[in-house]
Amino acid sequence: MIPFVKAHACGNDFLVVEETLANNNHAGMARLLCSRNYSVGADGVEFLARKDDGTFFLRLFNADGSEAELSGNGTRCVAAWLAYSEGLRDTTMGTPGGTKQCRVIECGDDAHEEHFLIQTSMGVPKVLEQAVVVDGVGEVAGAVVDVGNPHFVIFTDHPAFRASGLGWEELGAMICTHKDFPKGTNVEFVRVISKGEIAFRIYERGVGPTQSSGTGTSASAAASIVLLGCDRSLTASSLGGAQQVVWNDGEQLMLTGPAEIVCKGEVSLQGLAS
Ligand SMILES: N[C@@H](CCC[C@H](N)C(=O)O)C(=O)O
């Protein structure tokens, strides 16, 4: 058995495990622990390393065992855990996708002390208009967005987020593993509601459809700002709830959203494949 913490950010759920327990089998551990039938279940595992200088380093493994550069929501979940367990209000988290600063903006009251509102610096997104040709579908217009990890953003007016005549889950699965993206890509379907409000659905690399995504929120907002002239301060809602984005010209994109500790405990590693 090993200790774990479970947290979620807008329903995008993560397990936090100390890096020292990974035993160089991060992928196998993520596949097992993320299984919703055979273990705790989650969209990914954040392995938390503690540095001598008081900073932290995170390695994120998706539910399928693939390693991602970072997670916006996962990083926030770890910040919530460090706030809850150690009282830390400002944390610096290194990730393979860049260093993130997290700041606790609000803590829950006595009845909800496991609830936090956290702001994270998400770096400077890079947005590039691009189209992909999908077999049996044709050309799908969108934008490649780099926020430390890869995203493909598709704009749609459809109330159910359909695009190119397909449901977002189906088209998302096709583009996620498209040959134009050799490392795979996260895929967002974005509907602009007003200059200051967007809604989106996400098909995540290494997971599938999820309730929310921090990097997906950032990528959707960045593409909407750069390509459609949306406000630099906007609200982005997914199935799991809303997050706030502020991206002042020439500065890092700042993402603010909730994170909640769900439980902590010990989990069996029986059945761990290498
Ligand atoms: N849900 C995450 C993104 C997790 C990583 C993603 N699946 C990838 O492979 O890049 C977020 O909140 O950013």
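Which domains does the shell around the ligand draw at least three residues from? Both domain 1 (2–121 + 258–267) and domain 2 (126–251) reach that mark. Keep in mind as you look around that this is a predicted model.

Let's stay with the ligand for a moment. It has 19 residues around it, and the closest are Ala68, Ser71, Asn73, Gly214 and Thr215. Two helices take part in this shell: α2 (72–86) and α4 (214–228) each put in at least two residues. If you colour the shell by residue class, you'll find 15 polar residues, two charged ones and two nonpolar ones.

Now zoom out to the two domains. The protein chain splits into domain 1, built from 2–121 plus 258–267, and domain 2, which covers 126–251. Where the domains touch, domain 1 brings 21 residues to the contact and domain 2 brings 18. On the domain 1 side, α2 is the biggest giver, with four residues. That side of domain 1 is made up of 12 polar, five nonpolar and four charged residues.

What about the chain as a whole? You can count four helices and 17 strands in it. The radius of gyration comes out at 18 Å, close to the 19 Å that the globule rule gives for 274 residues, so the chain is as compact as a globular protein of that length. Draw a box along the principal axes and the C-alpha atoms fill roughly 50 × 40 × 35 Å. Some 46% of the 274 residues count as buried. As for how the chain folds back on itself, take the contacts between residues at least 6 apart in sequence: 64% of them join residues at least 24 apart.

Asparagine 24, in the loop between β2 (12–18) and α1 (26–33), has a positive phi of about 55 degrees even though it isn't a glycine. Is asparagine 24 buried or exposed? Asparagine 24 has 8 other C-beta atoms within 10 Å, and 12 or fewer makes a residue exposed, so it counts as exposed.

Serine 164, another residue that is not glycine, has a positive phi near 50 degrees. You'll find serine 164 in the loop between β11 (150–155) and α3 (168–176). Serine 164 counts as partly exposed, with 16 C-beta neighbours inside 10 Å.

Note on methods: Residues numbered from 1 in each chain as written. Predicted model: local features only at pLDDT ≥ 70, side-chain atom pairs only at ≥ 80, totals over all residues. Near = placed C-beta within 6 Å. Nonpolar A, V, L, I, M, F, W, Y, C, P; charged D, E, K, R; others polar. Domains from an automatic or database assignment. Contact = placed C-beta atoms within 7 Å. Rg over C-alpha atoms; globule rule 2.2 N^0.38 Å. Buried ≥ 20, exposed ≤ 12 C-beta atoms within 10 Å, placed from the backbone.
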